Amino acid sequence: MKTTTKSILVACGLMAVLASCSNDINTPDSGDKEQPQGLQFSFTEEGYGEDEVLSRAAANKAQQTEIVDLGDCEAEVSMENEPAEKQPRAATRAITNKHYTIRAYQAGVKKAEIRGTFNGTNFIADADSPQDMQLNKGEAYEFIAFNDNFTPSGDNELIITRDKVATAYMCRKNVYIDQYKKQQINFEMKHVGSRLRTQFVCQKHIPNNITATLDTKLNNIIPTKETYNINTESYTINSLGSLVAVPNNSPASTEPKFTASNGGQTFAYTSTSNYHYFLPESKNMGFIKITFNAGTIFWKPLTGVIPWLSFNPISMKPNKSYVVKIKLKPKFRYLFSDGTTGFRSETTYGGAPAATAKTPIGLVIESGIAMSLKSIENDQWLEGTNADYRQYNRNMSNNFQTLMSWENGYDETWNAANNTVNVKGNKAIPKGDQTNTGNFPAFYHAGHYTGYFISPIISPLPLWLQNTKWYLPAFGEWKYPFNTVAFGDMTALSGATDYGGLSCYSYFIENAITAVGGTSIMSKNHWTSSQNHPAEAGQVQINPTNMNWNRYRWIVQRNSVRAFIRY
């Protein structure tokens, strides 16, 4: 086999290895200008990546992140580039037995073509393909390599369809053909298409699989066939179609419960769907919608539709990976001053007009029960001395589960029949009304809670408030915010035999309260109405990742008081 000094024979059967090993196969220059030097080919396939990070602010320059109401929660939807994939060494995947076409162009004119299979070591030409390429030495060529997911159309066009885009690869590179030494060309094959998936993110764990479907709001808006022009390096859409509903399921989160988000402070829990693949330059991704079929995050199974991602300005780019992030935020229910219940959106804090906005006075922790939004600080359970160590409640127990079963805070506060003979002053007066002696400050302040009064003071009191009263909750009534608001570990609670901390997302309670003007509940001890010992009363401490049920001597400890109300 011989060439002139103007041409070089590109032998396709020569050894081809990965670029990282190319120095091992270069042969010394013999100095014979007439000797064919040859090119060696190798192929690597790159993972999806990105050239620049598109921030949420940039993605939503024209329109803010979209909020979708899903019943018991809100979905905050955004779309952005995913970080580049973490790849093995040299950011490539090892490939074997892949079939490619290689072309060489000059000034837009095809000069040579060869087809064959790269087996991981050698590029072997097909039997029906030219076995070599004759190219001029000392000149530059633009090489293009592509796999069989393209259909060539003449010398300058390639056809690609959406059903093949997931595994369609291409590489272009300029190569100067050296006159004197053997060369290797490594084709870093990149994805032609783009991919998209959805990711649910939450401040609490996602307990089970989320099943949903993905489709388009409108018909004939997703490119299904495109032509790539080799000369202009551009795509032309040939046909449009619809995204027929496809499964878009995602699994339960795997991050550690309670601690990953430090009790609900960050969106640390994820549930990510499978990928969906699209042709490049798909511009109508804003018309994708997500329909939920099953999966419970908060209180009720997810239902409904995220109608479409209408804010999305992104034109899908080759080799890009996108994620539609869906932040799921619980919608807490509040008790309003008119006796009704509703959501933050009905208050001025949630943007409701002042003329029609409702006044929140409590956080609903169970059907018919709410806790005050504000607290009384540095309060005593009982004013007294060591000589006053007595049993003041008819019910007293140091058994944890017995205490947890008590939900009689209203009676302990307002029913004098629960007083014992040891009650100072007049035992016929409920602890909540011990105004003359001030013997039971925590009971009195809880029973006469007025922290919800916002100027002007509500007067007269609404009828419903005249017929009920705030009270100091019992030990067992704190399991309602633990369960309903903080999504605590109820299995651990039911099996507990001693005082201590039980895991939950306490910041949900904190955020729900402060979001409507309430005072912080975090890292505070709270008195309960339950007495566990003649010298002690039950208390509950709110910590980031747990609620700690305990007890303390009432003449030593000064705690916070949160009033409860049954409406």
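This report looks at a pocket and at the aromatic contacts in a predicted model.

## The second largest pocket

The second largest pocket holds about 360 Å³ of space. It's lined by 16 residues, and those closest to its centre are Glu74, Pro330, Lys331, Phe332 and Arg344. Two elements, β23 (321-330) and α8 (506-514), each give two or more residues to this lining. Helix α8 gives the most, with three residues.

Sort the lining by class and you get eight nonpolar, four polar and four charged residues.

## Aromatic pairs

There are 35 aromatic pairs in the structure. Take Phe146 and Phe150: they sit edge-to-face, 5.9 Å centre to centre, with 75° between the planes. Both of these residues are buried.

Now back to Phe332, one of the residues closest to the pocket centre. Its ring centre is 6.0 Å from that of Phe508 and the planes are at 65°, so this pair is edge-to-face. Phe332 comes from the loop between β23 and β24 (333-336) while Phe508 belongs to helix α8, so the pair ties together parts that are 176 residues apart in sequence. Phe332 and Phe508 are both buried.

The two rings also belong to a cluster linked by ring pairs, made up of Phe258, Tyr269, Phe298, Trp299, Phe332, Phe487, Tyr505 and Phe508.

## Charges over rings

The charged end of Arg195 sits over the ring of Tyr275, 3.7 Å from the ring's centre. Over the face of Trp414 you'll find Lys469, at 4.0 Å from the ring centre.

Key
Residues are numbered from 1 along each chain as its sequence is written. This is a predicted model: local features need pLDDT of at least 70, side-chain atom pairs count only at pLDDT 80 or more; totals for chains, interfaces and linings use all residues. Side-chain values use heavy atoms; hydrogens and water are left out. On a 1 Å grid over the protein atoms alone, a cavity is a set of points where a 1.4 Å probe fits but cannot get out, and a pocket is an open set with protein on both sides within 12 Å along at least five of seven lines; lining residues have an atom within 4 Å of a point. Grid points are joined across faces, edges and corners, and a volume is the space filled by probe spheres set on the points. Helices (H or I, at least four residues) and strands (E, at least two) are DSSP runs, numbered from the N terminus. Ala, Val, Leu, Ile, Met, Phe, Trp, Tyr, Cys and Pro count as nonpolar, Asp, Glu, Lys and Arg as charged, and the others, Gly among them, as polar. Rings of Phe, Tyr and Trp (its six-membered ring) pair if their centres lie within 6.5 Å; planes under 30 degrees apart count as stacked, over 60 as edge-to-face and the rest as tilted. Buried means under 20% relative accessible area, exposed over 50%, partly exposed in between (1.4 Å probe, protein chains only). A charge sits over a ring if NZ of Lys or CZ of Arg is within 6 Å of the ring centre and within 35 degrees of the ring normal.
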